[in-house]
Amino acid sequence: MSSKSVKSRLKELREQINRHNILYYVYDSPEIPDAEYDRLMNELLELEEQHPDLVTPDSPSQRVGAPPLEAFDEVKHQMPMLSLANAFDEETMTAFDRRVREKLDIDTVEYAAELKLDGLAISLLFDAGFLVQAATRGDGETGEDVTANVKTIRSVPLKLTGKHPGVLEVRGEVFISKQGFLRLNKDQAANNARQFANPRNAAAGSLRQHDSGITARRPLLFFAYGVGHYEKIQLPDTHIGTLKQLKKWGLPVSSENTT
């Protein structure tokens, strides 16, 4: 293949693979079987191995490959990642609604509701559309840089789609589904390794591995649920509207939401 043909084929493969990732993880509507996806990925890896000078930062091949870390660097959040308050009865919910109405000085409030995912809160920073940093919540003010590990999660886009802001910080949750958890513990038992107590511990432990190769073998998923810092963009006025916009940018969100 000529150099021009190689560049063209690499571009085509990356676009196809990224498109199929979005169809699978964002829209739950895959168009090709796993075997065909693997064939595309293998072709991409082979071509990039033959032409390492043509590898790009947003290539699907760059999800795994960082050397093991001795420790995670600290990341200072531009906006604090606050924790959620709990409400276990109608009285607490009613009191919450009253406080909100009083603060806003309005008579009624329309609420958005979605599932509370039990995993590990994460902050994703996109610059010019590219994923440049991923950090854990930590103490809310400072977290840990887990970029290499988060890049192994296929549901996390390495590049945003559509007309995106210059800078965008996305807040979301890394978690493991029940099926993934059962499969993971089955594999752990088969390898005489320690089994995990629950999906939350499995997700948190998997994401905080110093070796991203280990993280890549864990069935981690990601759902976005909000936005932190952003520049040069006007977000929708409602939370549900923001979730729809995140989806347009190629970020998976839970379909279990309503007003």
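Colleague: How does the lining of the second largest pocket divide by class: how many nonpolar, polar and charged residues?

Modeller: Bear in mind that this is a predicted model. The second largest pocket has a volume of about 770 Å³, and 31 residues line it, with Asn21, Tyr24, Tyr25, Tyr37 and Arg154 closest to its centre. By class, that lining comes to 15 nonpolar, 9 polar and 7 charged residues.

Colleague: Which helix gives the most to that lining?

Modeller: Helix 1 (3-25), helix 2 (34-50), helix 5 (178-190) and helix 7 (212-216) each put in at least two residues. The top contributor, with 5 residues, is helix 2.

Colleague: And the largest pocket, which element gives the most there?

Modeller: That one has a volume of about 1,800 Å³ and a lining of 46 residues, with Leu84, Ala85, Glu114, Lys116 and Tyr225 nearest its centre. Elements giving two or more residues include strand 2, strand 6, strand 7 and helix 8 (239-248). With 6 residues, the biggest share comes from helix 3.

Colleague: Why does the pair of Phe96 and Tyr111 count as tilted?

Modeller: A search of the whole structure turns up 3 aromatic pairs. For Phe96 and Tyr111, the ring centres are 6.1 Å apart and the planes sit at 40 degrees. Planes under 30 degrees apart would be stacked and over 60 edge-to-face, so with its 40 degrees this pair is tilted.

Colleague: Is Phe175 buried or exposed?

Modeller: Phe175, in strand 6 (residues 167-175), pairs with Phe223 in strand 7 (residues 221-231), 48 residues apart. The relative accessibility of Phe175 is 10%, and the cut-off for buried is under 20%, so Phe175 is buried.

Terms used:
Residues numbered from 1 in each chain as written. Predicted model: local features only at pLDDT ≥ 70, side-chain atom pairs only at ≥ 80, totals over all residues. Heavy atoms only, no water. Phe/Tyr/Trp six-rings, centres within 6.5 Å; stacked < 30°, edge-to-face > 60°. Helix = DSSP H or I, 4+ residues; strand = E, 2+ residues; numbered from the N terminus. Buried < 20%, exposed > 50% of the residue type's maximum accessible area, 1.4 Å probe, protein only. 1 Å grid on protein atoms, 1.4 Å probe; cavity = no way out; pocket = protein on both sides within 12 Å on 5 of 7 lines; lining within 4 Å. Points joined across faces, edges and corners; volume = space filled by probe spheres on them. Nonpolar A, V, L, I, M, F, W, Y, C, P; charged D, E, K, R; others polar.
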